[in-house]
Each structure stands twice: as structure tokens, then as C-alpha cells.
Amino acid sequence: PIFLLLTLRFAIGIAGMLVLAYFMKISIRITFDNFKKLANKDKWLLILQAACGGFLFNVFILYGMKTTTATAAGIISSVTPIMIV
């Protein structure tokens, strides 16, 4: 399932970043002080960007890959970064 795949993908990414932060001796202290200082409009724009860029893009691309052939899926997934740039 696509949502399970995305959950695992983001969980592995977070775990990897935490391991890197531990070995690089980076303090992991989560505070929302800077986020609270933003205007409400900026907060909503930031949340919308995170939802579209991190989640919705992956949902749409994976649902689209289900309806195409393996050859076309390989071409689409390899050309996508170039098109984004």
C-alpha cells in the first residue's frame, strides 16, 4: 500500500537523520520558538509547502506509477528530478 510505503520511507529517513545527528554530536532540541514568531500567513504557507512537497507529491507519483508500465515508470521516475529543476 502506498501510505504504508510513505510511512516507512519517512520513518527510515527520520531514523537516519537522528543517527547522523547523534554521531555528529548535534544537539537535538526541538523548540517551536521560531515557529511561534512567524505571522499566521507564513505559518500556513510553510505547512502547505511541507504537505505538498513532502507528502502529496509522493502520493500522486506513486498512484500514477500503479497505472503505467514498468518501462514508462522507470523513465518517469528518472526524468522527474530533471523536470523539477
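**Walking through the helices**

Modeller: Let's begin with Thr80, which lies in helix α4; helices are DSSP runs of H or I with at least four residues, strands are E runs of at least two, and both are numbered from the N terminus. This is a predicted model, where local features need pLDDT of at least 70, side-chain atom pairs count only at pLDDT 80 or more, and totals for chains, interfaces and linings use all residues. Residues are numbered from 1 along each chain as its sequence is written, and side-chain values use heavy atoms, with hydrogens and water left out.

Colleague: Thanks! Is Thr80 buried or exposed?

Modeller: Thr80 counts as buried because its relative accessible area is 16%. Buried means under 20%, exposed over 50%, and partly exposed in between, with a 1.4 Å probe and protein chains only.

Colleague: And what does Thr80 touch?

Modeller: Leaving out residues up to four places away in sequence, Thr80 touches Phe57 and Ile61. Contact here means heavy atoms within 4.5 Å.

Colleague: What about Ser77? Where is that one?

Modeller: Ser77 sits in helix α4 too. Its relative accessibility is 42%, so Ser77 is classed as partly exposed.

Colleague: How does α4 look as a helix?

Modeller: α4 covers residues 70-84, which is 15 residues, and reaches 21 Å from its first C-alpha to its last, close to the 21 Å expected. That expected span is 1.5 Å times one less than the number of residues. There is a bend of about 30 degrees at Ser78, and Pro81, a proline, follows within four residues. The bend is the angle between axes fitted to the seven residues ending at a residue and the seven starting there.

Colleague: Which residue does α3 bend at?

Modeller: α3 bends at Leu56, by about 40 degrees. As for its length, α3 runs over residues 40-66, and its 27 residues should span 39 Å at 1.5 Å a residue, so the 38 Å between its end C-alpha atoms agrees.

Colleague: Which residues of α3 are buried?

Modeller: Lys43, Asn58, Val59 and Met65. Their cover includes α1 (2-23), α2 and α4.

Colleague: Tell me about Asn58. What does it touch?

Modeller: Asn58 has a relative accessible area of 7%, so it is buried. Not counting residues up to four places away in sequence, it touches Leu6, Arg9 and Phe10.

Colleague: Nice. Zooming out, how many helices and strands are there?

Modeller: The protein chain has four helices and zero strands, and from the N terminus on the order is α-α-α-α.

Colleague: What is the radius of gyration?

Modeller: The protein chain has 17 Å, whereas a compact globule of 85 residues would be near 12 Å. The radius is taken over C-alpha atoms, and the globule rule is 2.2 Å times the number of residues to the power 0.38. The C-alpha trace spans about 45 × 35 × 25 Å along its principal axes, and buried residues make up 11% of the 85 residues.

Colleague: Last topic, confidence. Which element has the lowest mean pLDDT?

Modeller: Helix α2 (residues 33-37), with 80, while α4 has the highest at 89. pLDDT is the predictor's confidence in each residue, from 0 to 100. For the protein chain the mean is 85, and 95% of its residues reach 70 or more.
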